Amino acid sequence: MGYLDNSSVIVDAILTKKGRELLSRQDGSFNITQFALADDEIDYTLYNENHPNGSAYYGEAIENLPLIEAIPNGNNTMVSKLVTLPRGTTKIPVLSLQSTNITVGRSANFTITPNTLNFDTTVESNYSFTIADRRLIQQGSSTGGNGAGTTTNIPFTGTALSQTFIGTSFTGTSLAGTTLFGSNTALATSIIVVGLDTGARSTITLQVNKDANSGTNAAQAASSF
Amino acid sequence: MATYTIFQDGDTVDSIDRVFTSAWSGNTNDLATLGFFSSSVQYVTTTSTSSGAFYMEIYNKDPEANTDEEAQFSIAYGNKIGSGSLDFSSGAGAEGYSAAKSIYTQYRNLVFGGDETQNFSFNGYTPDDIYVININRARYKNALRLNNFNLQLSGSTKSLELTSDSVTTSGSANAIRAGVGREFNLVSGSNGERVGSSNTYVTDSGSYGYIYPDAGFIILNADALDATAADNGIALNTTTTSNNNGKNPIKLQNALTLGDSFILDAQEDIASKFYFCRVKNQEFNYTTNDSFTLNDGTLSFDSMIDNPQTYITTVGLYNDNQDLLAVAKLSQPLPKDFTKEALIKIKLDY
């Protein structure tokens, strides 16, 4: 990873891992239709309202920051999105989750139902739920949104690929087999929840225990988070 | 409130850029500066079916002394009656079925299709045998660029400077072959320009050969190379004895080494798509960046309530399912507020 040449006029894009996966399918799923903006790397504490040269220089430390090159892992980029809000907004919408840690056994169901604070309503029209390593779940479904109500079985892949579900809530079932665990007693991945109206984002850690009886298992009712 | 902006008609445009680079590893202009190395592991000719009986790989580094060598091209020898290499089997009916015959028929099939009555003919002269220089696919990308193609072959007393006739013919191919595309003559000259007015330089042996830029290989007339220096050959001394391990590719490798120049460019057509991301003054003036707000979402700076200031560093391209398909980074943070608009041009290569 190196620093970008700031004399560039045209910005070169790179495909993410997800982009390469969808492009290789050649089934039309690689179809760019929209864009979003982010300010990854920017730390607004550098914004200096006490700058001696006046307001034109408040952002001096930020504006001169050399940026690093793009990261192909889509789960680690576009982390803090820019959003469009009415002028005069005093609070930015944030996600509210009952817990940011989920611990389950194998073949256990779990449900994530996020809310959004500082928003017109408490529930956005849709949220995206991205499981960073989809090998840790065997199936998932969402309510509301595209494909809602349809249970998607996760195909086996040798490498960690992400899977995104769109809806107002998400229910997943952890993996059934023990092969992926090897000698580990537990595996963990991240579930990234993003409000599609507000861009509010939160990350949940999903830990699946090898011991099916350790944590919530399939025989019990789905746990909500 | 929105975080995604849908591209409208006119926001995307397709483009194809043609890029030329040297065909050789490390963008080396002349492979001779690196050398023409073969491998004693690959080039084994002890049995009739050894890979070395069919072709010799040429590397940019000595494979015995390095681990990062890369194959640049292969040298193969073909003979239409199978001479110059060992027969696969012995006995009546198996004569002439050898690696050399396989190579000859393989390339004949590529160039002329399934017509077994066709043979390689060089300006009316049809030799029994050919040499093939087959450029590694990874080296020539989509096609060979002919206008600065220069190949020098030398014998003990004579040196040939070969090129295509692509400039002489203003890019008009000698023929378009169904299986391999354009065919140009391999002629004496440099940088695509033929010396003299005829493709034939070798007395009674026809022209030097053909080059197929779309398929990435060169067919050389073995008889023309075997001709004496007086007849404009390099006395390559090809072995044409039947059922004989002639090791002919080594002879062309030696001629390349003595010639000391092989310049070839690769051509690559890169399909690009440009996305014009139009950011209006009312849009993207707030951020979900944690350092922009306190824990409950309240803005960290009072001055930003009416005049929020954000900085664009990253552009994400998404599909309808909000899958992040491509990402682009700006070279410096781009300030954005209610008084600014931006047009960011994103180039995505396939």
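Tutor: First a term: a nonpolar core is a set of buried Ala, Val, Leu, Ile, Met, Phe, Trp, Tyr and Cys residues joined through side-chain atoms within 4.5 Å. Keep in mind that this is a predicted model.

Student: OK, how many residues has the largest nonpolar core?

Tutor: It has 44 residues. Phe73(B), Leu153(B), Leu220(B) and Phe262(B) have the most contacts inside it.

Student: Which strand gives the most to this core?

Tutor: Strand S6 of chain B, residues 143-154, with five residues.

Student: And what does Leu153(B) touch, leaving out residues up to four places away in sequence?

Tutor: Among others, Lys158(B), Ser159(B), Leu160(B) and Leu162(B). The list also includes Leu220(B), Leu225(B), Ile234(B), Leu252(B) and Gly259(B).

Student: What does the second, separate core include?

Tutor: That core has 26 residues, and among them are Val11(A) and Leu22(A) from chain A as well as Val279(B) and Ala328(B) from chain B.

Student: Switching to chain A. How many helices and strands?

Tutor: Two helices and 15 strands. Chain A has 225 residues, of which 46% count as buried.

Student: What share of its contacts with a separation of 6 or more comes from residues 24 or more positions apart?

Tutor: In chain A that share is 72%.

Notes. Residues are numbered from 1 along each chain as its sequence is written. Chains are lettered from A and ligands numbered from 1 in the order in which they are written. This is a predicted model: local features need pLDDT of at least 70, side-chain atom pairs count only at pLDDT 80 or more; totals for chains, interfaces and linings use all residues. Side-chain values use heavy atoms; hydrogens and water are left out. Helices (H or I, at least four residues) and strands (E, at least two) are DSSP runs, numbered from the N terminus. Buried means under 20% relative accessible area, exposed over 50%, partly exposed in between (1.4 Å probe, protein chains only). Contact means heavy atoms within 4.5 Å.
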